[in-house]
Amino acid sequence: MRTTVPRPAGRVPAAGRQPRPARRLPRARLTGLGCGVLAVASMVAAAWLCKLIGGADGAPTYYGALFIATSAAVSLWVRPADLVCAPVAAPIAFAVGLLSTNGLLETVTTLALSAPWVFAGTMTACAITLSRSCHRLLRGRAERRAAARGR
């Protein structure tokens, strides 16, 4: 006689599949190209927003803070195989955002004056990328040790 296991109300998993646990953050899904596109699009939008807020001079503090937030976001959402793309895409996005609202000479001047923001955002991307990479390596090492003990 076959017994059935009562299931909780809600979605029933397909045959042979286990239900996925609930996650708080979305999984890292951005490719390297997607990381660059997201960074550039958000920095262009930030540049136009800061141009509207700050008038002719712009709002460099807001732009810098949005750059650091963008750098952190793309570093968190890029997939593990493309982790190196986040620190590379961040400063490029900063420059493209400035170029979208300024002329070339003004962009070069603003880049020189905004160097601390560029370094802070790039270092944020590097730190997050490095920590994710180390976590990935340590988790793989622990899984290999656990598999070796189970043999």
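A salt bridge here is a side-chain nitrogen of Lys or Arg within 4 Å of a carboxyl oxygen of Asp or Glu.

**Entry 1: ground rules**

I noted that this is a predicted model, in which local features need pLDDT of at least 70 and side-chain atom pairs count only at pLDDT 80 or more, while totals for chains, interfaces and linings use all residues. Residues are numbered from 1 along each chain as its sequence is written, and side-chain values use heavy atoms, with hydrogens and water left out.

**Entry 2: the whole protein**

I counted five helices and zero strands, and read along the sequence the pattern is α-α-α-α-α. Helices (H or I, at least four residues) and strands (E, at least two) are DSSP runs, numbered from the N terminus. Of the 151 residues, 26% are buried, where buried means under 20% relative accessible area, exposed over 50%, and partly exposed in between (1.4 Å probe, protein chains only). The protein exposes about 10800 Å², and carbon and sulfur atoms supply 65% of that area; accessible areas come from the Shrake-Rupley method with a 1.4 Å probe, and for residues only the protein chains shown count as cover. I then looked at contacts (heavy atoms within 4.5 Å). Among those between residues at least 6 apart in sequence, 74% join residues at least 24 apart.

**Entry 3: the UniProt record**

An unreviewed UniProt entry places the feature "transmembrane region" at residues 30-49, 61-78, 85-105 and 111-131. UniProt positions are given in the numbering used here, feature names are shortened, and annotations may be inferred rather than shown by experiment. I checked two of these spans in the model: residues 30-49 are 90% helix and 0% strand, with end C-alpha atoms 25 Å apart, and residues 61-78 are 94% helix and 0% strand, with end C-alpha atoms 26 Å apart.

**Entry 4: helices α1 and α2**

I compared helix lengths with the expected span, which is 1.5 Å times one less than the number of residues. Helix α1 has 23 residues and reaches 32 Å from its first C-alpha to its last, close to the 33 Å expected. Helix α2 (residues 60-77) has 18 residues that should span 26 Å, and its end C-alpha atoms are 25 Å apart, which agrees.

The buried residues of α1 are G32, C35, G36, A39, M43, A46, A47 and C50, and their cover includes α2 and α3. In α2, the buried residues are Y63, G64, F67, T70, S71, A72, V74 and S75, and they pack against α1 (32-54), α3 (85-101) and α5 (115-150). I kept in mind that an α-helix has 3.6 residues a turn, so residues three or four places apart point the same way.

I also returned to the nonpolar patch, to which α1 and α2 each supply at least two residues. One of its residues, L66, is found in helix α2 and is partly exposed, with a relative accessible area of 33%.

Leaving aside neighbours within four places in sequence, G97 is in contact with M43, V44, A47 and Y63. G97 and F67 are 30 residues apart in sequence and 9.7 Å apart in space, C-alpha to C-alpha.

T101 is also found in helix α3 and counts as buried at 17% relative accessibility. Its contacts, with neighbours within four places set aside, are A47, W48 and K51.

**Entry 5: T129 in α5**

T129 is found in helix α5 and counts as buried at 9% relative accessibility. Beyond its neighbours within four places in sequence, T129 is in contact with S75, L83, A86 and P87.

**Entry 6: the salt bridge**

How many salt bridges does a search of the whole structure find? I noted one. The side chains of D82 and R79 meet in a salt bridge, at 2.8 Å from N to O. D82 is buried, with a relative accessible area of 15%, whereas R79 counts as partly exposed at 36%.
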